[in-house]
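Hi,

Here is the structure I promised to pass on. Could you load it before reading my notes?

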Amino acid sequence: MPPLDLTADEVLTTTRAVRRRLDLDRPVERALIEECLRLATQAPTGRNRQRWDFVLVTDPAKRAALADLYRLGLTRPRQQVVRDEVDRGDPGRGRRIAESAQYLFDHLHEVPVLLVPCIRVQGRHENASHVGQANTWGSVLPAVWQFMLAARSRGLGTAWTTPHLHYEREAAELLSIPYETVLQAALIPVAHTIGTDFRPGPRTDVDEIAHWDGW
């Protein structure tokens, strides 16, 4: 499948979290996923160590089991997620976002490909400090975002999710991921989109978030 006729700016501004417009009936070609992965691995990574791995789940039974862990993470989370008071989103879109999230909750097991990006570590103690966390996640998240951008340019939709991480050990057992030395970063549904006409999302004006030479 040739890439869509989009400029770099269009790809950057229209790569949205896609949930309700994921095509649950159309298979995703393995070659298409591999194209996106090749582009993903051109992302910067700390000291060029390239510690990333990508687990792609297409088996229906494993997709269903992984989707169940995602649902457990939302309905019975094991850790308290601290939410600060910063919320620059449009309050008028809250209901729409909730409906979209509910759709994914109900249909995640039907998405043709579930991607679990991972990063190798010497041990889970590496993330004990803020510096360690920044180093670890900064060495995998750029690659995942490049995968998502590449997917958008090829008519695929994605969404970043993390609830299954409440049950990361169970997911590791399901997917034979070495739990002590491999960290899972997210769970990303991947599917062709229903239509390709996505628009930029509402965002805070740059003047409100840019701090020149100090806060």
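This is a predicted model: local features need pLDDT of at least 70, side-chain atom pairs count only at pLDDT 80 or more; totals for chains, interfaces and linings use all residues.

Residues are numbered from 1 along each chain as its sequence is written, and side-chain values use heavy atoms, leaving out hydrogens and water.

Let's start with helix H3, residues 60–75 (helices are DSSP runs of H or I with at least four residues, strands are runs of E with at least two, numbered from the N terminus). Its buried residues (under 20% relative accessible area, 1.4 Å probe, protein chains only) include Arg63, Leu66, Leu69 and Tyr70. The buried residues of H3 pack (contact means heavy atoms within 4.5 Å) against strands E1 (52–57) and E2 (113–120) and helices H4 (94–107) and H7 (168–175).

Where H3 meets H4, the contact is made by Tyr70, Arg71, Leu74 and Thr75 of H3 and Leu104, Phe105, Asp106 and His107 of H4.

Now the cores (sets of buried Ala, Val, Leu, Ile, Met, Phe, Trp, Tyr and Cys residues joined through side-chain atoms within 4.5 Å). The largest has 26 residues, and Phe54 and Phe147 are among those with the most contacts inside it. Helix H6 (141–153) is one of the elements giving two or more residues to this core, and its six residues are the largest share. Phe54 touches Leu37, Leu115 and Val144, among others. Apart from this core lies another, of 25 residues, including Leu69 and Leu187.

Happy to chat any time!

How values were computed:
The expected span of a helix is 1.5 Å times one less than its number of residues. Buried means under 20% relative accessible area, exposed over 50%, partly exposed in between (1.4 Å probe, protein chains only). Lists of a residue's contacts leave out its neighbours within four places in sequence.
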